[in-house]
Amino acid sequence: MQKVHINASRSYDIYIGSGLLDIAGEYISAAITSRHVCVVTDDTVDRLYSDRLLSALEKQGFSAVKFVFPHGEAQKCHKTLIDLYDFLADNGFTRSDALIALGGGVVGDLTGFAAASYMRGIGFVQIPTTVLAQTDSSVGGKTAVDIAGGKNLVGAFYQPQLVLCDTDTLSTLTPEFFADGMAEVVKYGMIKSRELFDILSEKDIRANIEDIITRCVSIKAQVVENDEREKGERMLLNFGHTLGHAIEKYFDYSGITHGHAVAIGMSVFTHIAQRKGMCADGAANKLDALLTKCGLPLTTEAPMDVLFRNSLGDKKRLSSGMNIIICSDIGESRICSMTIDEYEKFLKS
């Protein structure tokens with residue numbers, strides 16, 4: 001088992017290893033004072049892991065209730081959020097109580113925003129069960145729901161009190177959903193760590209998954225400590241996401257997964273940057289080879305003019321233009337500020 005500590009507006013530990021779910025009550029008991037908790041999960045994860053978590057909580061004297069909603073990005077919306085608020089109120093939850101997110105990125109994002117906003121903030125624990133959530137979305141305190149105007153446009157920065165990444169839960173993921181999370185893993189290699197990129201390219205990913213997750217979490221912890229509110233360095237974590245979110249919006253958040261969209265965003269931006277002399281020769285082909293190894297796509301049928309318009313609704317847009325992330329080489333990244341016209345020319349080139 002590995003442990004990564006993060007010092008942000010709230011300091012907390014992230015544990016990564018096998019078998020953590022069945023002893024989760026011990027770790028949660030040490031991290032929070034409340035003994036009244038609500039486990040929030042989706043219907044897929046509920047069938048797999050809820051009973052084990054509830055048993056672990058009961059062994060430590062917790063009084064736990066469960067809120068389950070249908071799986072999928074389309075459920076990360078205000079209707080689900082309001083349903084959760086009502087459930088908490090009906091079950092007598094107070095400011096001294098806590099929420100536990102059990103699931104992937106959708107569950108974690110929605111639960112975190114509920115925790116940040118219900119009674120102006122209650123306790124919050126993350127137990128991510130997907131590659132994407134364990135390596136990226138469960139760490140760093142970004143919480144949000146989607147609205148018609150775009151993805152993650154309503155949210156808050158709200159750090160959890162504990163993150164437990166049980167790598168055993170990854171064994172039940174379909175190949176598509178395992179691949180989906182690998183897009184975020186590749187992202188970390190591209191923006192910050194050639195060593196991680198080389199491990200992913202040369203080694204068996206599943207056989208080294210605990211080490212890989214720990215490396216990703218360590219990178220994100222360092223970035224968040226330096227820039228919790230995304231005013232500078234943390235923007236680098238958005239590599240591939242500006243175009244990726246535009247692709248998700250084009251498919252109405254149901255025709256393509258988040259990781260697949262981000263993979264396309266990384267590949268397209270890197271090829272454009274390489275043609276424009278903003279990226280080292282050969283980097284785009286190496287990225288494509290790794291994405292292909294991970295079972296991820298490189299292109300989309302979505303028209304580029306539509307993706308440009310969708311990009312303008314992204315939360316990374318500024319009143320004066322766009323901040324986009326370019327990798328000048330593998331393991332090296334920078335923020336590029338562009339006017340809207342410059343971004344349109346870049347994207348359509």
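**Stop one: a glycine and its contacts**

Start by selecting Gly 259: setting aside neighbours within four places in sequence, Gly 259 is in contact with Asp 180, Ala 183 and Leu 296. Keep in mind that this is a predicted model. Gly 259 is found in helix 10, and with a relative accessible area of 0% it is buried, since buried means under 20%.

Gly 259 and Val 131 are 128 residues apart along the chain, yet their C-alpha atoms are separated by 10 Å.

**Stop two: Val 131**

Stay on Val 131, which is found in helix 5 (residues 131-137). Is Val 131 buried or exposed? Val 131 counts as buried, because its relative accessibility is 0%. Show its contacts next: leaving out neighbours within four places in sequence, Val 131 touches Leu 170, Leu 173, Phe 178, Gly 181, Met 182 and Val 185. For another distance label, pick Thr 44: Val 131 and Thr 44 are 87 residues apart in sequence and 16 Å apart in space, C-alpha to C-alpha.

**Stop three: helix 9 on helix 10**

Go back to helix 10 (258-275) and bring up helix 9 (241-250) with it. Two packed helices are described by the angle between their axes and the distance between the axes. Here the axes of helix 9 and helix 10 come within 7 Å and cross at roughly 130°, so the two helices are oblique to each other. Helix 9 passes helix 10 in a right-handed crossing. To see the contact, show side chains for His 241, Leu 243, Gly 244, His 245, Ile 247 and Glu 248 on helix 9, then His 258, Ala 261, Val 262, Ile 264, Gly 265, Val 268 and Phe 269 on helix 10.

**Stop four: helix 13 and its two sides**

Select residues 340-348, which make up helix 13; its buried residues are Tyr 343, Phe 346 and Leu 347. Those residues cover an arc of only 95° around the axis, which puts them on the same side of helix 13. Look at the other side of helix 13 and you'll find Asp 341 and Lys 345 exposed. What do the buried residues of helix 13 pack against? Their partners are helix 9, helix 10, helix 12 (304-311), strand 11 (321-329) and strand 12 (332-338).

Zoom in on strand 5 (residues 98-103) and strand 6 (residues 123-128), which run parallel and are joined by six bridges. Click Gly 103 and look across to Pro 128 in strand 6, which stands opposite.

**Stop six: helices on the sheet**

Finish with helix 1 (residues 24-31), whose buried residues are Ala 24, Gly 25, Tyr 27, Ile 28 and Ser 29. These pack against strand 2 (12-17), helix 2, strand 5, strand 6 and strand 9 (162-166).

Terms used. Residues numbered from 1 in each chain as written. Predicted model: local features only at pLDDT ≥ 70, side-chain atom pairs only at ≥ 80, totals over all residues. Heavy atoms only, no water. Buried < 20%, exposed > 50% of the residue type's maximum accessible area, 1.4 Å probe, protein only. Helix = DSSP H or I, 4+ residues; strand = E, 2+ residues; numbered from the N terminus. Arc of directions from axis to C-beta. Contact = heavy atoms within 4.5 Å. Pairing = 2+ DSSP bridges. Axes fitted to C-alpha atoms, helices over the stretch in contact; angles between N-to-C directions. Parallel < 35°, antiparallel > 145°, perpendicular 65-115°, else oblique. Left-handed = near helix turned anticlockwise from the far one by under 90°.
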